Amino acid sequence: MSRTALRICPLCEATCGLTLTIEGTRVTHARGDRDDVFSQGFICPKGASFGAVDSDPDRLRTPLVRRDGELREATWEEAFDAVAAGIRPVVERHGPNSVGVVLGNPNVHTMAGALYPTVLLAGLGTRSIFTASTVDQMPKHVSSGLLFGDANAIPVPDLDRTDHLLLIGANPLESNGSLCTAPDFPGKLKALKARGGTLVVIDPRRTRTAKLADRHIAVRPGTDALLLAAMAQVLYEEGLVDPTPHVQGIEELAGELREFTPEAVAEACDVEAGVIRTLARELAAAPTAAVYGRIGSCTVPHGTLASWLVDVLNILTGNLDRPGGALFPQAATDKTPRPAGPGRGFALGRWHSRVSRHPEAKGELPLSALAEEIDTATEEGEPVRALIAVAANPVLSAPDGDRLDKALDSLDFMVSVDPYLNETSRHADVVLPPPPPSQSPHHDFAFNTLAVRNQVRYTRPAIPLEPGRMAETEILARLILAVTGMHGADPAAVDDMVIDQTLGKAVKEPHSPVHGGDPRELAGRLTGDTGPERRLDLMLRLGPYGDGFGVRPDGLSLEKLLAHPHGIDLGPLEPRLPQPLKTRSGRVELLPGPIADDLPRLRAALAERPEGLVLVGRRHLRSNNSWMHNVPALTGGSNRCTLQIHPEDAERLGVQNAEPVRVKGAGGEVTVTAEVTDAVRRGVVSMPHGWGHDRPGTRLSHASTDPGVNVNQLLDGRLLDPLSGNAVLNGVPVEVAPGAAPESPAVTEKLTALT
């Protein structure tokens, strides 16, 4: 007998609602939930493959513990005993910074990944923190922190109401959107055009998104900040500045941008000056407009400046914080809104990495520096001797995976929370596997803060936890206890501690709805079957739409949310300034000091011209970094690891379509199959991220049959955006030459068949 259950999809940032068909304890089908208040039935190939992802036979079902050099199945008790015995001595002997923590992208796709890592980091007290953010979006966090005083205050384009949308370094028809949570992003772009709006795409590749655009600008990779600066300069020069209120630094910025004229940047960007002026004029003339930049403009040498300039353009045209422009979402689990006014601001470089002295950003060190923090001795501080990796595969996602691969082998101890034995977790002494997503609850804490419409949804597990499994929330709670000297305590104590601390602060805050209340009495009124549900109830009740524990009877609570299984619509985005600002001035600080100090480096880039080819990445609709390639339904066809190269460059270099080529960068050399196409501009080659599943000791049976190559091996980790510590992954010089036969003939066979 089959049944259906609702589940929010955890496989990308669009967070679409799914209706699952379940036979016994197996998901046999997934379709879009037509009644979902946010996604309204939209589904992409990843969501449609939910069942295949969920039931992948290579998913680990029991913990693994290394004994006599081999990872062997163990009980949960044995696994956590090993964790406590492995981590605590390192902390006690060498200090907390000798334990590194790596958090991967999937953490933001689970409730456990949102609720527990901050507690883990606080309990350990380590500053050796590395996440996927510094190979992705950290420049946006830093620019938002400097502009608005809050690194998580990221405005998103009002896709449903804008008249003019300019995308730079973004390909939402493939990614489904990022730092902009929008189910059916393709449909929203088509609706924009249908209502007479304009879509402009700036990208060195003619992506699926670019093909939909009214105007596609094939900019030279890595020059995004120059192009955006020139557009801002035109706004000043031609009297088109009509800024958003609550902003300081308008006049000062004019002087800083004076040199970045369209004529000055045209050659570096390879975009005609007249085109740049047109882009600026059209942006200013549109009734409403939004500029949106993503990973292509973040993972470049001036990533923070490019991210800052995206918001500068929105501010100078008056489109920040107005309907149809770029607005700040208000998530249901946000903290109780405080009155507008000055805040603590945002600081960079509060500490530095031990080896290369990279400044921290948002409490993190560059992921690119992880290997050297492990394998390099210095007189200052202890190296990283133990590592906790939670849903992270930095051997593939960080630059120079070969060096990191060797460094991980030298650790005293490593624990990995991961459902797979992959390129990174194979080094662990203990592997703690979470259950498949059908057996886990879901609420999007992070992505609702980036959603293009305010809403709230929660789904309980669609399938009961399988015998022998442990909930991911309990795994992380027990991990916290094991590494902080409380091994063996009740894991519920972690949730109780967080609840007590949160309520203890809330009753002391004058603007809180529970000001003056009794924390214990309030805690006793929380509902939910589990600690994580009680924490969700707490956040909903104290949040901007919450019932305030009875203060607002019509407000949100977990009980009310459970009564609405398809979610609750909270309305379109609304203007919120100055309330979200936490700058010391209480205003948008348009020209913060670190930005002004970095502008001379951008001026120097006016004279830079790349010699030879430069590399850019690319996304595919059926991939999400390195963690989808073991699902047959999501690989094959057009989702393949190839080097895209323009026909003229291919002819000049003697490269043939579907033949092997050697690609060499500062970090190493790979051999990959060529894909000759005019979808990339001249002088540019493109490879996808997340491949290279050919290392021994993994258990990825499908991915290893067609492993592809690791594009990040072409990088040595030295190229970083200095403000954010973000790795430079785009606009990287490479050498390309015809090469020997690739290791995976399957790719060549597919390409030959297609051509």
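His246, at 31% relative accessibility, counts as partly exposed, a class that lies between buried (under 20% relative accessible area) and exposed (over 50%), as computed with a 1.4 Å probe on protein chains only. The structure is a predicted model, in which local features need pLDDT of at least 70 and side-chain atom pairs count only at pLDDT 80 or more, while totals for chains, interfaces and linings use all residues. Residues are numbered from 1 along each chain as its sequence is written, and side-chain values use heavy atoms, with hydrogens and water left out. His246 is found in the loop between α10 and β12 (247-248), where helices (H or I, at least four residues) and strands (E, at least two) are DSSP runs numbered from the N terminus. Although His246 is not a glycine, its phi is positive, at about 65 degrees.

A positive phi is also found at Asp321, again not a glycine, with a value of about 70 degrees. Asp321 is placed in the loop between α15 and β14 (326-327), and with a relative accessibility of 11% this residue counts as buried. In the loop between β19 (568-572) and β20, which holds Pro578, a cis peptide bond joins Leu577 and Pro578, with omega at about 5 degrees.

In soluble globular proteins, nonpolar side chains tend to be buried together. When residues up to four places away in sequence are not counted, Leu590 is in contact (heavy atoms within 4.5 Å) with residues including Leu147, Tyr236, Val247, Ile250, Trp308 and Leu316.

Just after α6, Gly149 takes a positive phi of about 85 degrees.

Two further loop residues may be described in turn. Arg161 lies in the loop between β8 (156-157) and β9 (164-168) and, at 33% relative accessibility, counts as partly exposed. The side chain of Arg161 makes a polar contact with the side chain of Asp158 at 2.6 Å; such a contact is a pair of N or O atoms within 3.5 Å, of which, within protein, one must be able to donate a hydrogen and the other to accept it, and residues adjacent in sequence count only if both atoms are side-chain atoms. Leaving aside its neighbours within four places in sequence, Arg161 touches Arg195, Thr288, Pro323, Gly324, Pro572 and Leu573. The C-alpha atoms of Arg161 and Ala191 are separated by 9.7 Å, the two residues being 30 residues apart along the chain. Asn171, in the loop between β9 and α7 (172-175), is by contrast buried, at 12% relative accessibility, and its contacts, not counting residues up to four places away in sequence, are with Arg205, Thr207, Arg208 and Thr209.

Six strands form a closed barrel in the order β21-β25-β22-β24-β23-β26, with mixed pairing, two strands being paired if DSSP finds at least two bridges between them. The twist averages 45 degrees from one strand to the next, with axes taken as lines fitted to C-alpha atoms (for helices over the stretch in contact) and angles running from 0 to 180 degrees between N-to-C directions. Strand β21 (residues 613-616) runs antiparallel to β26 (residues 732-738) and is joined to it by three bridges; within this pair, Val614 stands opposite Pro733 and Leu615 has Val732 as its bridge partner. Strand β23 (residues 660-665) and β26 are likewise antiparallel, over four bridges, with Glu735 as the bridge partner of Lys664.

With a disulfide taken as a pair of cysteine sulfur atoms within 2.5 Å, the count comes to zero. The sulfur of Cys180 is too far from the closest cysteine sulfur, in Cys12, for a bond, because the distance is 12 Å. Cys180 is buried, with a relative accessible area of 0%, and Cys641 also counts as buried, at 4% relative accessibility.
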